[in-house]
Amino acid sequence: MYTIDSPPQFDRPPFIIFTLLRGDNTWKYLRQRPHHLGRALASLGWPVVFIEAPSQEGSSKASITFRTIEQGLWLSPSWNQDSVTALLEQLARLWPESPWLFTHPSWAPYLNGSFLADRLLVYDCIDDWEVFPGTPDQVKDWEIRLASTADLVLASSMPLWVKMRRLNENVEYISNAVNIADYRVPLPESPELSHIPSPRLLFVGYVSEWVDLQLIDSVARMRPEWSIIMVGPSEIPESRLPKRPNIHWMGKRPYVELPMFTRYCDVGLIPFKQGQLVWAVNPVKIHEYLASGLPVVATLMPDLLLFNSPWVRVANGPDRFVSAIEEILAQTGRPAETLLRGSHTGTWLEKAQQIVEVVASGGRERYGGSRTKLLQQYTAALEGHWSDQGASPGLMDMLTETWYVGGQFEKVLEWGNPELPVFGCALVRLGMYEQARQWLSDANVGAKAGDETLLPMMMDDDSVAAYVLQVNGEFVESLRRMDSVDKPGPIHSLLGARAWHKIGFLEHALAAYASLVEERAFALPTADYLILGDIMRENGRMEEAEGAYLRAAERGSAEAERRLADLYLEVAYRQAVQTVQSEGRDRA
């Protein structure tokens with residue numbers, strides 16, 4: 001039995017933050033959103049307990065001990081994956097009134113116990129995880145489950161806010177921010193800068209695949225009189241890093257030393273590669289640059305358009321990027337602290353206070369009017385950028401998603417890509433059901449999902465609407481739509497089963513599937529046998545899971561064959577563990 005040993009005692013319920021981070025170095029060299037929000041909550045008088053991401057290599061000790069990181073912050077070591085459910089149950093009993101804040105979808109598979117009753121669940125969406133490098137294939141489904149069932153979703157950027165609004169009505173935009181005092185410390189210039197001539201262009205951050213090193217190299221080549229200073233750890237092999245006399249690689253530096261660079265350079269750079277991953281980012285470094293009085297030139301990230309300031313320039317491509325830097329260098333003065341005011345920026349203390357307020361309300365919507373205004377500002381900023389510089393197909397798709405969430409369905413139909421799920425949803429929202437049926441056929445949606453046999457059965461508007469909404473990931477809205485059906489039939493039961501499964505209500509899904517199998521109204525599609533197998537497996541009903549996978553495999557499903565292999569490995573592993581435990585008891 002796994003237990004929590006000598007838990008700390010608090011005067012008020014702690015915030016429990018479940019992270020993706022592991023290891024002490026994350027506190028020394030990394031200051032990411034979870035670190036900053038945790039410290040800010042602690043400074044407001046709220047105790048904060050961090051739970052590191054579980055792993056197969058995590059602690060398998062029978063007891064877990066929390067240790068103090070610093071004033072007001074406690075940390076649990078990484079749990080072994082087999083111990084997670086037991087420890088979550090103990091956390092729920094130990095601090096029954098604590099809000100649980102999850103920073104990554106990988107926690108979703110563990111959130112299916114009775115210990116969740118009356119628990120306030122918050123999902124802090126900080127990245128577009130499904131396109132993140134190295135992300136497991138299941139992360140999309142995990143995020144749908146976590147975001148759909150959370151009482152409150154926080155989004156660190158407007159593109160993420162738009163995405164989350166498909167999954168949950170109660171989404172708050174809590175942008176990244178800065179501790180201004182950290183960057184106004186009167187530290188001396190780093191000795192490493194003393195020999196580097198001005199103008200100095202600074203990048204601070206983790207050098208990974210999303211950093212556009214080719215753009216950095218082009219700027220250095222086009223303006224050899226400029227000095228480019230790169231501060232931060234790198235996961236890129238040294239052989240791939242651009243090397244020019246005016247590019248200076250400083251390597252990893254502790255957070256407290258960063259003002260020794262930011263206060264003594266001329267322009268802060270955010271040269272990220274373009275794509276869905278980067279567009280979803282509200283970069284912490286822009287707030288840190290501005291807090292240091294450093295103007296910024298960045299490639300496009302839609303949140304940056306909300307600054308609407310000559311001290312924040314957004315430009316793509318070497319020529320435009322260089323021109324933007326020249327325009328910044330030609331200006332006199334420095335950015336004022338007033339730039340750090342607004343919903344798209346601010347201090348971590350302000351963001352923590354906003355979280356406290358919305359959590360205190362039980363996750364109910366508090367900022368409806370300001371939220372509408374912000375969405376209008378964001379939409380106008382995207383449209384303005386599209387008008388001035390044009391938009392790639394991907395960015396145009398993002399704008400279409402934004403129109404849809406903002407209720408501008410006519411614009412979606414006029415300008416949007418007909419292959420996008422929101423196009424079909426806009427037809428449904430406008431009551432154009434015959435056109436939605438035609439869209440399902442024209443966009444080849446049914447064939448892609450293996451549902452060719454289902455589409456002719458969708459004779460009523462509600463089933464068409466529910467199916468189209470599910471294609472767009474709006475599973476809760478799909479269930480609401482089916483609730484309004486007076487006489488639900490087998491097709492409604494099937495769509496309901498799929499939606500319940502996606503949002504993690506497995507008992508509801510299982511009951512719906514069981515009634516369909518019993519009634520034999522029609523043959524279940526292959527995809528549904530896979531879902532049924534997954535539900536059985538998650539509930540430990542391995543023989544029934546095997547039966548469902550075999551039904552799908554009989555139809556030639558390679559995915560069913562893969563899941564069968566995984567199932568047999570899991571059964572063999574469990575049997576081996578039981579054997580070892582039994583032998584241990586016998587020896588004792």
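Colleague: What does the accessible surface of the protein chain come to?
Modeller: About 26,000 Å² in this predicted model. Carbon and sulfur atoms account for 50% of that surface.

Colleague: And how much of the chain is buried?
Modeller: Of the 588 residues, 54% are buried.

Colleague: What box do the C-alpha atoms fill?
Modeller: Roughly 80 × 70 × 50 Å along the principal axes.

Colleague: How many helices and strands?
Modeller: The protein chain has 25 helices and 16 strands.

Colleague: Switching to the open sheet, what is the strand order?
Modeller: E13-E12-E11-E14-E15-E16, with parallel pairing across its 6 strands.

Colleague: Which strands stand at the edges?
Modeller: E13 (247-251) and E16 (312-314). Each has a single partner strand, so one side of each lacks a neighbour in the sheet. On average, neighbouring strands are turned by 25° against each other, ignoring direction.

Colleague: How many bridges join E14 and E15?
Modeller: There are 3, linking residues 267-270 of E14 to residues 296-298 of E15 in the parallel sense. Ile 270 is opposite Ala 298 of E15.

Colleague: Which strands does helix H10 lie across?
Modeller: H10, residues 284-291, lies across E11 (200-204), E14, E15 and E16, and runs at about 180° to E14. Helix H11, residues 318-330, also packs on the sheet and touches E11, E14, E15 and E16. The direction of H11 makes about 170° with that of E15.

Definitions and conventions
Residues numbered from 1 in each chain as written. Predicted model: local features only at pLDDT ≥ 70, side-chain atom pairs only at ≥ 80, totals over all residues. Heavy atoms only, no water. Pairing = 2+ DSSP bridges. Helix = DSSP H or I, 4+ residues; strand = E, 2+ residues; numbered from the N terminus. Axes fitted to C-alpha atoms, helices over the stretch in contact; angles between N-to-C directions. Contact = heavy atoms within 4.5 Å. Buried < 20%, exposed > 50% of the residue type's maximum accessible area, 1.4 Å probe, protein only. Areas by Shrake-Rupley, 256 points an atom, 1.4 Å probe, with all protein chains shown as cover.
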